[in-house]
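Please keep the sequence and the model at hand while reading.

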Amino acid sequence: MWAYFKLEFFQFISNKKNIAIYIILLFFSCYFAIKIAPTYNPIEKVDVNEIEARYETREEFLNNVVINDGTHHLTRYAAAIFPKWNEYDKQRLDAIDQNNLKEYAEATYKWYAYSDNMIFYRGGGVLYYNPGYYTFGNNYATMDGHFGYLYNASRYEGYTEVNSDLTINIFEERTALQTLQRLLNSYIPLILIVSCILFTVDIVLKDRRHPTLLQGLPLSDWRKLMVKGAVSLIGSVLAIIPLSVGLFIIGVQNGFGDFGLPVPIYIADDIFSNRMMWEYLIQNMLLIIFWFSLIISLVLLASVMLKNEFANLLVASVLVLAELMCFTRGIGAIKDFHWYPTSYVQVGQITSGYRNYLYASEALTFGNGLVIIGLCTCMFLFFTFLISNRSKFKLL
């Protein structure tokens with residue numbers, strides 16, 4: 001068994017297709033770090049000029065406004081809410097001027113919490129979030145702004161409680177670990193899952209090129225399939241190595257961050273809870289490995305039944321892309337999509353709770369994802385075991 005594992009692993013790492021995938025991942029990683037990451041322009045950033053302009057505009061209004069019986073109700077409203085807003089903005093400006101980033105974090109956390117309360121609950125359609133949320137075609141700009149302000153309030157509150165050395169790059173989420181956190185909420189899980197599909201799609205059918213050698217091995221088809229699955233899983237996990245090169249470059253440029261930094265997790269009903277970076281990354285890695293196992297088990301089953309590489313690719317791709325055909329924002333409130341494994345493909349958004357916010361659900365959780373993906377993997381492996389023992393479906 002060990003000798004067969006070593007044979008399969010050697011064939012895997014010497015496969016030209018697999019080598020090409022690793023090289024492409026390395027190129028993508030370096031290109032992102034050198035060209036794309038430096039252009040990152042967060043909606044919420046530390047902009048002293050913006051804070052100062054907002055503070056001075058409101059302060060001038062408050063110094064000159066006259067409230068009497070004939071004053072418009074919106075003027076009265078502005079005069080009532082601006083003092084607290086300016087109090088927080090003044091604290092932020094003073095903290096930046098004194099380079100006291102802990103105090104800046106505390107004032108900013110209160111500013112976001114107060115701002116969201118004023119805009120979302122009491123704004124009456126006359127107050128708006130940061131203009132960056134109002135992009136063309138975004139019909140959910142107010143909801144995105146609401147989530148963004150609550151997210152940042154939770155994040156900055158977490159900064160006041162950690163012992164990490166705070167920097168502007170940490171506030172703007174530019175460090176290597178925070179960049180990884182952002183990418184886990186977007187492209188990285190899909191890139192890794194697609195890589196796993198490409199690694200696995202020919203892991204069984206390649207044996208047709210040398211049937212005589214493998215027919216002499218004293219192993220059942222089931223054991224051969226398990227070894228091939230293990231090799232594919234290890235090879236898929238190794239794809240993290242070329243991707244980490246880009247994170248190292250970003251770390252040199254902007255700092256590596258800290259595993260103790262807070263990561264806001266959306267719970268439900270506009271409630272966030274901070275989780276440490278190391279815990280968040282471990283959960284993401286574990287869920288991605290479960291996805292690797294699901295993809296590999298499905299491809300092994302398809303390889304035994306269909307015996308066609310293109311069919312393997314098609315079946316695995318449908319599993320990954322199926323959510324695009326059924327996802328509608330808020331649909332989780334009327335349909336139980338948390339029972340579908342395809343709902344968990346956006347790994348970072350599951351572990352951060354953002355997918356729950358989009359679905360208007362509370363059930364798309366890390367724990368449920370492990371259970372459902374794990375059960376589907378066991379089901380595919382069970383059918384593979386039954387079918388591989390039938391002479392009609394022999395590998396060779």
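This is a predicted model: local features need pLDDT of at least 70, side-chain atom pairs count only at pLDDT 80 or more; totals for chains, interfaces and linings use all residues.

Residues are numbered from 1 along each chain as its sequence is written, and side-chain values use heavy atoms, with hydrogens and water left out.

**The chain as a whole**

The secondary structure of the protein chain comes to 18 helices and two strands, where helices (H or I, at least four residues) and strands (E, at least two) are DSSP runs numbered from the N terminus. Along its principal axes, the C-alpha trace spans about 95 × 45 × 35 Å. Of the 396 residues, 48% count as buried, a word that stands for under 20% relative accessible area, with exposed meaning over 50% and partly exposed lying in between (1.4 Å probe, protein chains only).

**Aromatic rings**

A search of the whole structure finds 36 aromatic pairs. Rings of Phe, Tyr and Trp (its six-membered ring) pair if their centres lie within 6.5 Å, and planes under 30 degrees apart count as stacked, over 60 as edge-to-face and the rest as tilted. F61 and F82 form an edge-to-face pair, 5.5 Å centre to centre and with 70° between the planes. This pair links distant parts of the chain, with F61 in helix 3 (residues 48-64) and F82 in helix 4 (residues 73-97), 21 residues apart. F61 counts as partly exposed at 26% relative accessibility, whereas F82 is buried at 16%. Elsewhere, one aromatic cluster is formed by Y104, W111, Y112, Y129, Y133, Y149, Y156, Y159 and F171.

**Enclosed elements**

Helix 8 (residues 176-184) is largely enclosed by the rest of the structure, because nine of its nine residues are buried; among them are L177, L180 and L184. Strand 1 (residues 262-268) is also largely enclosed, because six of its seven residues are buried. Strand 1 and strand 2 (residues 271-276) pair in the antiparallel sense over six bridges, pairing being called if DSSP finds at least two bridges between two strands. P262 has M276 in strand 2 as its bridge partner. The two strands form a hairpin with two residues between them, and D269 in the turn has a positive phi of about 55°.

M118, found in helix 5 (residues 101-121), is buried with a relative accessible area of 2%. M118 and S244 are 126 residues apart in sequence and 41 Å apart in space, C-alpha to C-alpha.
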